Amino acid sequence: MVPDIGRGSRTHGLLVYLYGPGRREEHTDAHLVGSWDGFAPDPGRDTSPDPNPEVTLARLTAALDLRVKQVGDRAPAKHVWHCSVRTAPGDRRLSDEEWNAVAQRILHATGIAPEGDPDGCRWIAVRHAEDHIHIVATLVRGDLRHPRLNYDFNKAQAECRSIEKEMDLRRLNAGDGTAAKNPTSAEKFKAERTGRSETARETLREVVRRALAGADDEKEFFTRLYEAGLRVKVRHAPSGDALGYNVALPGDRNSHGDPVWYPGSKLAPDLSLPKIRLRLADAPTERTTPSAVDDRTDWSPPARARRSATDIAERAAVLLDHDDDGANAAQLVGVGELLDALAQTSPAATRTELAVAARFFERATRSHVRAQGADTRALRSAARGIIQAGGALGRGEDGGTTAMLVSTLVLVTLAAARWHSARGHAQQAHASRQAAEHLRTAYQQAAATPMRALHDQGRALPEAERRTHEATIRAALPEEGLRADQSPTKPHALTATLAQAEQAGHDPKALLQQAINMRELDTAEDVNDVLVWRLRRLAQLPAHPGEATRRAQAGTSRPKTSTDRTSRRTAPTAADRPPASDPRNRAPRR
């Protein structure tokens with residue numbers, strides 16, 4: 001059950017809308033289900049000998065506004081309190097009597113018309129559809145005082161949660177006041193009228209969020225907003241310092257022809273300029289020493305960036321299992337930036353699902369747990385690296401590393417859901433699980449080609465070699481520890497990866513155990529897939545097996561990793577090679 005509260009100043013105009021046909025002829029059988037005294041005139045059910053709905057509507061307006069007229073100038077500027085209450089999809093149909101009880105309970109909870117108070121505000125509840133009602137109250141009490149409306153939305157929300165339980169309705173997740181503001185009805189109708197798939201508020205929120213992902217400083221953030229095509233207006237103090245900013249979509253204008261500006265704080269609580277500055281204060285770190293991934297000049301920049309980001313995301317998943325709430329909250333902020341960066345640079349095949357996942361996870365990045373910003377630096381650096389590397393292709397190593405990163409992000413979002421659930425953050429936990437579902441879909445799209453190739457390569461292995469690797473897998477992962485659909489008897493992609501790791505000079509048993517020990521596998525939908533990507537990262541194997549085949553045919557050697565110290569060496573060591581100054585290392589003259 002969802003309440004939506006607004007304030008206005010035109011009682012008659014609101015009643016005309018509620019009793020009218022609606023903007024799309026959706027209103028049917030409009031009538032009262034309750035009122036302050038049970039005897040208010042009802043334009044929809046006028047039983048007089050000569051009914052005239054317009055006259056009855058005027059009588060109802062006058063009755064509601066009686067006390068407003070009595071106090072004159074002391075009446076609130078916006079004296080009309082309007083609350084729509086809607087049941088969730090799939091809920092049973094409530095009777096008029098039940099809706100009347102719902103209205104009375106919400107009015108009592110908010111203090112507008114307390115039960116047993118003869119001086120409560122005048123109100124009505126109008127029903128013109130099966131799944132919702134509209135409560136209209138005028139905010140002057142019988143003793144001509146104003147009602148106290150502190151936290152009326154929170155109180156209405158809490159009462160709806162109690163009503164859901166008592167009336168056996170679908171129980172929605174309780175909010176905590178940290179969610180972004182929902183679009184208003186007017187914004188939704190405007191989007192529909194102008195042919196947009198979403199409101200300007202929602203579009204701007206996503207564009208601003210993406211501009212912030214991995215941004216180095218305030219100047220870069222605003223530059224990205226301009227480059228995204230937004231209209232930007234920065235508010236300055238007399239000293240010249242920026243106080244805040246507003247954004248607008250090109251062509252989005254009000255009835256006076258002026259741009260419709262949205263302050264950052266009205267898009268989301270963490271998009272105000274002061275909150276953005278706190279995040280930008282923890283600038284992305286620049287590595288001073290190259291990593292093994294950086295050395296791979298045969299991989300494209302997007303592929304290298306995604307590999308580096310996968311390692312960082314894996315560490316974030318591990319940290320989320322710890323008890324440091326401030327650091328964990330910071331990790332979630334960084335993961336949100338990483339998802340935003342990935343969504344805007346991924347190939348078309350996965351971009352839609354990744355964008356939806358990022359939108360859902362945006363809700364999981366905010367709670368009343370204060371983030372410790374220093375812990376976002378590694379993740380923000382990963383996001384920045386992905387954006388600077390540019391758009392990835394949907395094939396080859398780019399596509400494989402996208403699948404590798406998305407596979408890890410599924411586990412990260414599930415870890416976030418567990419963390420939020422343990423702290424009673426119902427909306428954030430639900431948002432994390434929704435993000436995980438969309439990431440799983442994106443993973444299936446990205447991983448289809450490389451996993452199919454690995455499967456074929458595993459089946460093509462010599463029988464003796466395949467049986468050896470399958471025995472290694474069974475020893476490390478007892479079959480009773482896996483679900484039936486993940487039986488390790490024929491994990492062809494995993495056996496192919498172990499075979500390629502062995503060819504690269506690794507000990508398959510040691511490497512597999514290292515991959516298993518990285519973190520738990522209980523939340524993995526497919527343990528084999530998770531291990532395949534972990535192994536390929538640890539062994540620095542190409543994410544797309546076609547790359548491995550081409551390099552094998554070309555005779556390209558693989559760089560060594562730390563796991564090679566425990567395996568037999570198949571390539572010369574640094575001590576075996578001549579020094580850089582040796583003439584044998586010089587390129588031949590042409």
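In the predicted model, Phe-222 is buried, its relative accessible area being 10%. This residue belongs to helix H8 and is paired with Tyr-245 of strand S7, 23 residues away, so that distant parts of the chain are linked. The ring centres of Phe-222 and Tyr-245 are separated by 5.8 Å and the ring planes meet at 80°, so the arrangement is classed as edge-to-face. Tyr-245 is itself buried, with a relative accessible area of 1%.

The count of aromatic pairs in the structure comes to 3. One of them joins Phe-221 to Tyr-245 in an edge-to-face arrangement, with 5.8 Å from centre to centre and 85° between the planes. This pair also links distant parts of the chain, since Phe-221 lies in helix H8 (residues 218-227) and Tyr-245 in strand S7 (residues 242-248), 24 residues apart. Phe-221 has a relative accessibility of 0% and therefore counts as buried. Through ring pairs, Phe-221, Phe-222 and Tyr-245 are joined into a cluster.

Elsewhere in the model, 5 strands form an open sheet with antiparallel pairing, in the order S1-S3-S5-S4-S2. Strands of a sheet pair through backbone hydrogen bonds, in either a parallel or an antiparallel manner. Between S1 and strand S3 (residues 80-86), the antiparallel pairing extends over 7 bridges, and Val-2 stands opposite Arg-86 in S3.

Helix H5 (residues 152-166) packs on this sheet, where it touches S1 and S3, and its direction makes about 155° with that of S1. Helix H1 (residues 11-19) lies across S2, S3, strand S4 (123-127) and strand S5 (132-138), and runs at about 165° to S5.

The structure contains 0 disulfides. For Cys-83, the closest cysteine sulfur is that of Cys-160, at 6.9 Å; a bond is excluded because this separation is too far, the cut-off for a disulfide being 2.5 Å. Cys-83 counts as buried, at 0% relative accessibility. Cys-121 is likewise buried, with a relative accessible area of 2%.

How values were computed: Residues numbered from 1 in each chain as written. Predicted model: local features only at pLDDT ≥ 70, side-chain atom pairs only at ≥ 80, totals over all residues. Heavy atoms only, no water. Pairing = 2+ DSSP bridges. Helix = DSSP H or I, 4+ residues; strand = E, 2+ residues; numbered from the N terminus. Contact = heavy atoms within 4.5 Å. Axes fitted to C-alpha atoms, helices over the stretch in contact; angles between N-to-C directions. Buried < 20%, exposed > 50% of the residue type's maximum accessible area, 1.4 Å probe, protein only. Phe/Tyr/Trp six-rings, centres within 6.5 Å; stacked < 30°, edge-to-face > 60°.
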